Amino acid sequence: MNGEAILPYLIIIPLFGAFSMPIVSLAGRKAREAWAVIISGATLALGSALFYYVWESGKIVLYTLGAKSPLGQGVNFPIRIVWEVDTFGALMVLMVTFVSFMAVIYSLGYMKHDTGLDKYYTLIIVLELGMLGIAITGDLFNFYVFLEIMSIASYALVAFRNDTWEGIEAGIKYMFVGSIASSLILLGIALLYGQYGTLTMGYLALKLSQNPTVVGKVALALFIAGLLFKSGASPVHMWLADAHPAAPSSISAMLSGLVIKIGGIYALTRILFSIYGTSISTKTVGWVIIVFACITLIVGNAMAVIQTDMKRLLAYSSVGQIGYILLGIGIGLTAYGSQTGEIALAGAIYHTFNHALMKALLFLIAGVVIHQLGTRNLNELSGLAKTMPKTTFAFLIGAAAIIGMPPLNGFASKWLIYESSAIFNPLLGAIAIIGTAFCTAAYVRVLYTFFGRPSEKVMKAKDPDGTMLWPILILTIAIIVMGLFPWQISDKIMIPAVKTLENQLAYVSTLLGGA
């Protein structure tokens, strides 16, 4: 099956699944759960097939909505909305479909005591749909539509448990900040359309390289501001620390593992490399990203150390890890075209994927702890290792991976970022290491609590069963297996993803050739 044939179904299946969910729900709880699993499972199968096709063929897949070619009749420029997927985009599709499927399976056990689950499963599939749309789009207007679909679903899911004041407050704060970010992005899109008369990414890249204007630079500044908001970078990370703890843990896993990556990091990287590329001063923009990265890296990891709420600790840790990814992107831009830049960018893409697995695992474990003990307070979780050994082992693996210990997947991606930052500027390498020291302190503290003397409350706890345990085991195995083949994955997948991302010409010519 070729890539062009897969692309439309990647959107059609979740869209159909989400809209038919309320009808299927009439048949009862079992039917609703089965439907959610079937839809997200089918989407994962399609996402895997798309990734395999793009990776093996090395092609950029182009699909035009409503026509054979994006070019209008009798004209040689694109006038239609297109979906354009290269290796980087396909990797993000695989990441979204895999973690979303794990979250849906986990929800079967985790959410069974909640009410309004027809809405919950509808929203979780809509959230996946929005992220997939962002990953495959080749058009800025289409990107904005999918960004809003993703954002609105995530606002609703953060406030899903509306019987708690915490959920409502976090949802409103998230919606307020998200709306500001969306407005900045929409303003940037409007400026580009006013200046160049097109929103097709590849064609926009061509126009920008031929005629770079001040308006284009202002639009870029708006994009960077809006997307740093969306990715939870410091100093605009305040919404993230409230949204993640308040959301159900299956949603926290998707927010931290996927939403801030696709809606923030991926979109930023795509705009910087595929649209702007060399039509801007890559050094200046790169240094702007690096400055934000360093602040984010230190603030996020340092704040994680002092948290007593397990989910807030994980949320701040996400901010810190976003700092590493931004550092890789910043160096990739500043050292554009050099080997150092390539290594940094490969590290950033690799860490984006790795962090999705690691943080999804850790949030699912936090959910298990809350489910069994009814608390997130680390001071009440002493001695958990004795009564919940499987959960503690999985947490140990996730924590070791996020710190960057070999032989787990986090080691390779962090090593690439350390190596490139140390070569590029030793001071940046030192800042990255300091961030890791804070990160290590935060997770050692949690593990110290888990392996402490059991409290009475903890003695009644036990490992979860069935649907809550399987996603945790699968993610743990994925982290270990990826850690055993780090450089093969880097050479075979991450470096090709960087090469396609840096090859702006191929992105443009795929579109204009109508291929």
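Is Phe-273 buried or exposed? I found Phe-273 buried, at 0% relative accessibility (buried is under 20% relative accessible area, exposed over 50%, partly exposed in between, with a 1.4 Å probe and protein chains only).

A note on the model: it is predicted, so local features need pLDDT of at least 70 and side-chain atom pairs count only at pLDDT 80 or more, while totals for chains, interfaces and linings use all residues. Residues are numbered from 1 along each chain as its sequence is written, and side-chain values use heavy atoms, leaving out hydrogens and water.

Next I looked for aromatic pairs, and the whole structure has 18 (rings of Phe, Tyr and Trp, the last by its six-membered ring, with centres within 6.5 Å; planes under 30 degrees apart are stacked, over 60 edge-to-face, the rest tilted). Phe-273 and Tyr-336 are a stacked pair, 5.8 Å centre to centre with 20° between the planes. I noted that Phe-273 sits in helix α10 and Tyr-336 in the loop between α12 and α13, 63 residues apart (helices are DSSP runs of H or I, at least four residues, numbered from the N terminus). Tyr-336 is partly exposed, at 22%.

I also found a cluster in which ring pairs link Phe-51, Tyr-52 and Trp-55.

Last, I searched for disulfides (cysteine sulfur atoms within 2.5 Å) and found zero. Cys-439 is buried, at 1%, and Cys-294 is buried at 14%.

Notes: Helices (H or I, at least four residues) and strands (E, at least two) are DSSP runs, numbered from the N terminus.
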